[in-house]
Amino acid sequence: MKKMWFDESVFYQIYPLGYCGAEKENDGGAVRHRFSEIEKNIPILSEQGFKAVLFNPLFESERHGYDTVDFFKVDRRLGDNADFRALVEKFHQAGMRVVLDGVFNHVGRKFFAFQDVLKNRENSDKKSWFYVNFGGNTEYNDGLWYEGWEGHRELVKLNLSEPAVLDYISSAIKYWIEVFGIDGLRLDVSYLLPEWFFDWLRRTVRALREDFFLMGEVIHCQNFAKNITPDRLNSITNYECYKGLTSALNSDNLFEIEHSLTRLFSDQPWSLYRGKNLFSFADNHDVSRVCSALKDGRKLFALYGILYTMPGIPCIYYGSEYGVQGEKRQGVDGDDALRPKISEIDLQKYPELTDYIVKLNKIRTEHSALAYGSYEKCVLSNKYMCFKRQSEVEKIYCAFNISDQQVIVRVEEAEVVDLLTGEKRNLNDIYLPPFSVKILRKNG
């Protein structure tokens, strides 16, 4: 695997409209300058050891960011383009990369090209930008039918086969790279994008940045490995292990998560993503916070320990490092609890967790075995497990106990270093107190 900055980074995810306390609806009025809410926390994120920030949508939109109105402007509820350019510079000065959310499957109804279709109908030169039937109708009573994202008509599906659409997207991407210096894109709903689009997108960004990060959102457990190649994507979201982690710990069944890890990353010829780093997370802007989803908080350290040491690129969703809770709710505004204003979060609520995340950030970014090493199961039981990550220069044993009983795990090694405590020891057995984590390194 070629060494790249994103494989060696821990990401920090921000949903900016929520983080900054923006209004729910964009009224099209004056610009509000709220990026300072993010800027003032950059020193903290840098000190905590995060190496990259992932922003969810921040282009001009109608409501939640995924209903884009203008690909060339930041949302006026957050600030203006000059504000954001200064923010990116501050992140870069702090040694952190910046990745944006690229929503290329659909746009909002107020997007200029769709407004032209509504106004001029068959005479619109933008009608081929969308999937339109002028003989139908929708719940908006537009006098025409059009395809929306998975039936949501407020999100108008783009026709990516239309050259003018690709020209528009290409111009926007080049603008954000050349003028703002962004380092990557998360591709929203990648599972719905045509495969040729990934090839086209890589060619587009490669002309400007060889190390540009492209990560796709894939929420299903289908095999997407053929799209993780140097000519397409660098990574995809690992929803299988996100679901498996919480489920395994809630059911005291570590076989569940280990099955996924072996299936996805082992050296077996049938493993789906051997040698590839998927984008790993415990929660995000679309799902319940891990501190709400996990039934027994005593297992939280083990959950994060597995997240950081299994193959993948770990990401922390803002506030979760402080133990923030929030449950996904059905219906209107069901995501509000997942996207709080940062100033309303108690940053001292769970100092032990915060300190632990800082330690894990340091461990993950300093050890090649965790970024590029192989994965091998060592010991597995319902309530404890141990696996090994190995590179050319080191072995790291990762052991976890999610029970209220002490456990001893045999690894048959000599001197190792406990990466969480710095202690050196000779051992053949790993002693795991109740609800504990051990991350042990051996040279060679």
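This is a predicted model: local features need pLDDT of at least 70, side-chain atom pairs count only at pLDDT 80 or more; totals for chains, interfaces and linings use all residues.
Colleague: How many salt bridges does the structure hold?
Modeller: Side chains of opposite charge can pair when their charged atoms come close. One case is the network of salt bridges that links Glu23, Asp27, Arg32 and Arg34. For the structure, the number of salt bridges is 37.

Colleague: Aspartate 183 and arginine 97 meet in a salt bridge; how many residues apart are they in the chain?
Modeller: The N to O distance of this salt bridge between the side chains of aspartate 183 and arginine 97 is 3.7 Å. Aspartate 183 sits in the loop between helix H6 (163-178) and strand S11 (184-187), whereas arginine 97 belongs to strand S5 (residues 97-102). The pair therefore links distant parts of the chain, and the separation is 86 residues.

Colleague: Is aspartate 183 buried or exposed?
Modeller: The limit for a buried residue is under 20% relative accessible area. Arginine 97, at 27% relative accessibility, counts as partly exposed. Aspartate 183 has a relative accessibility of 3%, so this residue counts as buried.

Colleague: In which helix do lysine 362 and glutamate 366 both lie?
Modeller: Lysine 362 and glutamate 366 form a salt bridge in which the closest N and O atoms are 2.7 Å apart, and glutamate 366 counts as partly exposed at 49% relative accessibility. The two residues are 4 residues apart, about one turn of the helix, and the helix that holds both is H12 (residues 351-366).

Colleague: With which side chain does the side chain of arginine 76 make a polar contact?
Modeller: Arginine 76 is placed in the loop between strand S4 (68-74) and helix H4 (81-93), and at 17% relative accessibility counts as buried. Leaving aside neighbours within four places in sequence, arginine 76 is in contact with residues including Asn26, Val31 and Arg32. The polar contact, at 2.6 Å, is with the side chain of glutamate 60.

Colleague: How far does the backbone nitrogen of aspartate 142 lie from a polar atom of the side chain of asparagine 137?
Modeller: Asparagine 137 is in the loop between strand S7 (132-133) and strand S8 (145-146), and is partly exposed at 37% relative accessibility. The side chains of asparagine 137 and asparagine 141 are joined by a polar contact of 2.8 Å. From a polar atom of the asparagine 137 side chain to the backbone nitrogen of aspartate 142, the distance is 3.1 Å.

Colleague: Which element gives the most to the lining of the largest pocket?
Modeller: The largest pocket, with a volume of about 1100 Å³, is lined by 38 residues, of which His64, Tyr66, Asp286, Asp335 and Arg339 lie nearest its centre. Two or more residues of the lining come from each of helix H1 (16-19), S10 and helix H8 (239-250). With 3 residues, the element that gives the most is S10.

Technical notes
Residues are numbered from 1 along each chain as its sequence is written. Side-chain values use heavy atoms; hydrogens and water are left out. A salt bridge is a side-chain nitrogen of Lys or Arg within 4 Å of a carboxyl oxygen of Asp or Glu. Buried means under 20% relative accessible area, exposed over 50%, partly exposed in between (1.4 Å probe, protein chains only). A polar contact is a pair of N or O atoms within 3.5 Å; within protein, one must be able to donate a hydrogen and the other to accept it, and residues adjacent in sequence count only if both atoms are side-chain atoms. Contact means heavy atoms within 4.5 Å. On a 1 Å grid over the protein atoms alone, a cavity is a set of points where a 1.4 Å probe fits but cannot get out, and a pocket is an open set with protein on both sides within 12 Å along at least five of seven lines; lining residues have an atom within 4 Å of a point. Grid points are joined across faces, edges and corners, and a volume is the space filled by probe spheres set on the points.
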